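Please keep the sequence and the structure open while reading.

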Amino acid sequence: MGYDYALVYVPAQQHDSSDAPADHNPHSHLTYTLPPACLLTLLYAPLCTKLDLYRIAFLTTIAVAATVPWDSYLIRTHIWTYPPAVILGPTLLAIPLEEVFFFVIQTYTTTLLYLLLAKPLLHGIYLVREPRGTREGKKWQYLKLGGQLAVALAIKQAITFVRAAGTRTYLGLILVWAAPFLWLLWSLAYQFLLRLPLTSTFLPVALPTLYLWVVDTVALKRGTWVISPATKTGIVLWEGLEIEEALFFLLTNCLIVFGLVAFDNAIAVLHTLPSHYPSVPALPSPLLLVKALLLPASTYDDDRILALAQSVARLKSKSRSFYLASATFQGRLRIDLIILYSFCRVADDLIDHSADPAEARAWLQKLKLFLDLSYGGDEVKPNGSVVKATDRNQGQATLFAVRAFPDDIMLTLLMLPTPILDKEPLYELLKGFEMDLLFTPSNPSGPIKSEADLDLYGSRVAGTVAMLCIQLVMHHYPGTSAADAQRLMQAGSEMGIALQYTNIARDLGVDARESGRCYVPSSWLKREKLTPESFIHGFTARARGDDGVFRKKLAAVRSRLLDRAFERYERNREAIEALPVEARAPMRVAVESYMQIARELRRGGGAAGRGRATVPGWRRAWVGWRALVGPVRS
Ligand SMILES: CC(C)=CCC/C(C)=C/CC/C(C)=C/CC/C(C)=C/[C@@H]1[C@@H](COP(=O)(O)OP(=O)(O)O)[C@]1(C)CC/C=C(\C)CC/C=C(\C)CCC=C(C)C
């Protein structure tokens, strides 16, 4: 019996209360199962969503419902019994309550570990379309069949063991019970079971299993329970751990993790494929989850899946702050934000990485044309309401994007949720990128001569991004009044500018050295007796001799940028608390993890000189965790 260490089962023929010291047993949960459960609860609590609670309740109910009849049967038929002295008393269908509690706590702990490890993943990118009649489609069908066959053979063998009623009975009973569930879960979620990273499949099975093996061994060595020699093989995994026990813990953890993977597979289908599921309830019913799992993989939208995979890869490689923050958003909002990030990133990179200004202008022109086509169908009604682009216009935009942009960029453009986003911030963003084209070797300060210029630039390249993010939030979590929405947009835009000031303060050296650009208003430079040219020169290798003087001036300029960043941040951070509740904590994470760069710069940590500030991974995680818990006090 797998859960014996918690309960101290003793086979009937050996039942003797002297085998099981009573003082060990009621404390087993306190000593072994509750501490890891409490620790994981503390760690995961700030990340926990309503969907997670639903998932935990769903899985625990199934685990208890699936285990209780089997366990009860074993007890009622006297295959197992337990010394009454070691249990508290109450039972459910003859199963002691402590045993039932074990079913719950094991499911809960393994689930929390799984959720923690799976948090960074966007599950939609692990879906695979299986086109009918193709090699790829057949490959997946063979893999599915292969797994089904292997588990079916194990079931057949298990039935033989049980029928023989000998030393393999216990082994057979474990397999006969667990394998059909595994067969079902494999049949529904084989794609995810094969494709998810091992941190989401192997690790959440291996860690709790190993823990239970060790605990089981300790319990055995203390003589708290015994397995009947008549029903066990006698094989041990290591001294003190029967192979049946080891298998039981392994299979129960496999069942829990396979169940969670199937749940996530269903949610991924629902969230990733709006063409099949235009709207999805926050807590999908079990029936909807099953329907999603049964949706033929040949009908998946592989363009959308690929676009998402490219966008996630882009986000992961280009921005650690927003990658961390993205993990805290949920469902379709998370997907739309990642695609929006990808759009902003590719647009910025197309222009920044152009071989010459002419090429950069050509890309800008194409991006504008794409927006013109996407929004071309907008119609303003006499009452001022806007009817969004029609399918015809989407079709034209698609055709244009396919012809005008490289494949990996084209898919991001096509997935941009233009029906949800206003066009003005997107055009403004392009205007911001256009300002970057005004930086030339003969004009290294480009369009930035005054503070007002810098504010305008910030509002175009970052204020707009914030407004687009807030629009997505309000679309996915409706209910904000028009007046509040306007206030949020205003505050968001200001917060975007704060982030842009931080960005400029961080990249002063990189922009000077690599692009010959100086984003510092000329009026500020004058106060430090610098010009844009001498500022850029200060970063070049030749100028390293007069380090001290330049460093002081650089520190003063950077400090002014940071002052403006913090001023705007302080003024607007309260507004985050007026966002829909589901988006507050994630938005705090996005803003705080970026503003941490500003804090590091202010502290002078590592990057206040000519280098680029980075926030150490552990501090980034801590800042994110703190922001999730509640508003950050300054
Ligand atoms: C969680 C998640 C995936 C969020 C996505 C956010 C998003 C869409 C970001 C786009 C970033 C981007 C590439 C924009 C292009 C223009 C640009 C470079 C802007 C600067 C970003 C810095 O990114 P990074 O450091 O990676 O860039 P470089 O390496 O220097 O090229 C910006 C500083 C702008 C970022 C601004 C925001 C994300 C807006 C944040 C504000 C809010 C979300 C509003 C908060 C709400 C209230 C109510 C106050």
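## A buried helix

In this predicted model, the buried residues of helix α15 are Ile409, Met410, Leu411, Thr412, Leu413, Leu414 and Met415. Since α15 covers residues 407–415, this amounts to 7 of its 9 residues, so the helix is largely enclosed by the rest of the structure.

## The chain as a whole

The protein chain contains 24 helices and 6 strands, and 44% of its 634 residues count as buried.

## Domains and their contact

Where domain 1 and domain 2 touch, the contact takes 13 residues from domain 1 and 14 residues from domain 2. On the side that belongs to domain 1, these residues divide by class into 7 nonpolar, 5 polar and 1 charged.

## The shell around the ligand

Which residues come nearest to the ligand? Of the 35 residues around the ligand, these are Ser326, Cys344, Ala462, Ala466 and Met495. By class, the shell holds 24 nonpolar, 7 polar and 4 charged residues.

Several helices contribute to this shell, with at least two residues each from α11 (320–326), α12 (331–352), α17 (451–476), α18 (482–506) and α23 (581–603). The most is given by α18, which supplies 8 residues. In terms of domains, the shell draws at least three residues from domain 2 (301–432) and at least three from domain 3 (438–634).

## Cysteine 38

Cysteine 38 lies in helix α2, which covers residues 28–44. Is cysteine 38 buried or exposed? Cysteine 38 has 11 other C-beta atoms within 10 Å, and because a residue with 12 or fewer such neighbours counts as exposed, cysteine 38 is placed in the exposed class.

For a sense of distance, cysteine 38 can be compared in position with alanine 482: the two residues are 444 residues apart along the chain, and their C-alpha atoms are separated by 43 Å.

Conventions
Residues are numbered from 1 along each chain as its sequence is written. This is a predicted model: local features need pLDDT of at least 70, side-chain atom pairs count only at pLDDT 80 or more; totals for chains, interfaces and linings use all residues. A residue is near a molecule or strand if its C-beta atom, placed from the backbone, lies within 6 Å of it. Helices (H or I, at least four residues) and strands (E, at least two) are DSSP runs, numbered from the N terminus. Ala, Val, Leu, Ile, Met, Phe, Trp, Tyr, Cys and Pro count as nonpolar, Asp, Glu, Lys and Arg as charged, and the others, Gly among them, as polar. Domain bounds come from an automatic or database domain assignment. A residue is buried if 20 or more other C-beta atoms lie within 10 Å of its own, exposed if 12 or fewer, and partly exposed in between; C-beta atoms are placed from the backbone. Two residues are in contact if their C-beta atoms, placed from the backbone, lie within 7 Å.
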